[in-house]
Amino acid sequence: MNLNWLVKIGTFFIKLSLKLGLPIKKIIKNTIFSQFCGGENIVECRKTIDSLAEFNVGTILDYSVEGEDNESDFERTKDEIIRTIEIASKNRDKIPFSVFKVSGIGSVDLLEKQQLGEEPLEEEEKKAFEAIKRRVSEISAKAAELEVRLFFDAEESWIQDTIDSLCYEMMEKFNTAGLVIIYNTYQLYRYDVLDNFKNSVETAQHKGYKVGAKLVRGAYIERERLRASENEYKDPINRTKEETDEHYDAAVDFSLNHLDTVAICLGTHNDESCLKCVKLMDELDINPKDSRIYFAQLLGMSDNISFNLAKSGFNVAKYVPYGPVESVMPYLFRRAAENTSIAGQSSREFLLIKEELRRRYKK
């Protein structure tokens, strides 16, 4: 993961081999898959779940199959997400959240057309969109019934407004009692999201429900900027990383000062943001085990953050993707791409490991 050229070559040959049907599944499963995924199904994830729990780190089961494009696939994905919710309800001490992507249970093209609103949906499209709403409602209702916190994952800006609308409808319906069930995901690399987040809290206060907020920086920067350039509209991404950092830390600060209305999960691999949150919690006399505050990182990344936070008594969970090897390859390719530079998280961890080996050798 630390060698850019090797990752590019490896990614190319993996894609080619899968396309040609070559028998490389075992190699993938024993290398990059085992680093970033818990298994091909929930049963295979059990070892990872138990291993993380030994160190007081929770698991967020993430069914990471992508690319479905028909109603039967969407229904199967919905059923699998509900299974993760049921498993979480029986293992509350080990699995504090469930998660899903709306694009996993409905057509991306349809979500985009609904958001644009330039053309009315045709009859078949109306039925398909109603099916998306039904699946979202079924998943959310099961989470509420079993009192399992549920993340709506963030996606590209051209479908995010539609996702937000569906999520806020579920928040208003299910986040009215003590436990915050529904969490939206806010990508703070977008220049407008900090204000959107604050406005959503103000709306919730007015209507009498609570906001669950997973705060992330963002995952689609290349696609967002390319599409903005090709379609000649304003780039939705902050001009600099420093602006994104400022927006992220401001969202954390705002949340900690509005815990009467907001429950948050810091989905970040940025150690500085985690440290700032820890310090602010101390200043505000917030208990590290306050159930309204969680930290989360991806399996196979940022263990130096996750395990140290957990050891210090904070609520921590790891995203544990799972699914058939062939079906989670898009997810794994993204992990590889974002870690190939010296700024990538795996590269930073590689340097930390080298430093620790030198320290132990000298000792």
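Trainee: Which residues of α5 are buried?

Mentor: In α5, Leu110, Leu111, Glu112 and Lys113 are buried. Buried means under 20% relative accessible area, exposed means over 50%, and partly exposed is in between, with a 1.4 Å probe and protein chains only. Before we go on, this is a predicted model, where local features need pLDDT of at least 70, side-chain atom pairs count only at pLDDT 80 or more, and totals for chains, interfaces and linings use all residues. Residues are numbered from 1 along each chain as its sequence is written, and side-chain values use heavy atoms, with hydrogens and water left out.

Trainee: What makes α5 a helix by name, and what do its buried residues pack against?

Mentor: Helices (H or I, at least four residues) and strands (E, at least two) are DSSP runs, numbered from the N terminus. The buried residues of α5 pack against α6, α7 (157-174) and α9; contact here means heavy atoms within 4.5 Å.

Trainee: What is found at the ends of α5?

Mentor: At the N-terminal end, Ser107 caps α5, with a side-chain oxygen 3.2 Å from the backbone nitrogen of Asp109. A polar contact is a pair of N or O atoms within 3.5 Å; within protein, one must be able to donate a hydrogen and the other to accept it, and residues adjacent in sequence count only if both atoms are side-chain atoms. Just after α5, Gly117 takes a positive phi of about 65°.

Trainee: Why is the pair of Arg227 and Glu112 called a salt bridge?

Mentor: A salt bridge is a side-chain nitrogen of Lys or Arg within 4 Å of a carboxyl oxygen of Asp or Glu. The side chains of Arg227 and Glu112 meet at 2.3 Å, N to O, so the pair is a salt bridge. This pair links distant parts of the chain, with Arg227 in helix α9 (residues 221-231) and Glu112 in helix α5 (residues 108-116), 115 residues apart.

Trainee: Are these two partners buried or partly exposed, and how do you know?

Mentor: Arg227 has a relative accessible area of 23%, so Arg227 is partly exposed. Glu112 has 16%, so Glu112 is buried.

Trainee: What about Asp245 and Arg217, and why are they called buried?

Mentor: Their side chains meet in a salt bridge of 3.0 Å, N to O. Asp245 lies in helix α10 (residues 241-256) and Arg217 in the loop between β5 (211-216) and α9, so the pair ties together parts that are 28 residues apart in sequence. Asp245 is at 18% relative accessibility, so Asp245 counts as buried. Arg217 is at 16%, so Arg217 is buried too. Elsewhere, salt bridges that share partners join Glu71, Glu75, Lys78, Asp79, Arg134, Arg135 and Glu138 into one network.

Trainee: How many aromatic pairs are there, and why is Tyr63 with Tyr322 called tilted?

Mentor: A search of the whole structure finds 11 aromatic pairs. Rings of Phe, Tyr and Trp (its six-membered ring) pair if their centres lie within 6.5 Å; planes under 30 degrees apart count as stacked, over 60 as edge-to-face and the rest as tilted. The rings of Tyr63 and Tyr322 have centres 5.4 Å apart and planes at 45°, so the pair is tilted. Tyr63 is in strand β1 (residues 58-63) and Tyr322 in strand β8 (residues 316-322), 259 residues apart. Tyr322 is buried at 1%, whereas Tyr63 counts as partly exposed at 23%.

Trainee: What makes Phe151 and Tyr319 a stacked pair?

Mentor: Their ring centres are 6.3 Å apart and their planes are at 5°, so the pair is stacked. Both Phe151 and Tyr319 are buried. Phe97, Phe151, Tyr183, Tyr294 and Tyr319 form one aromatic cluster.
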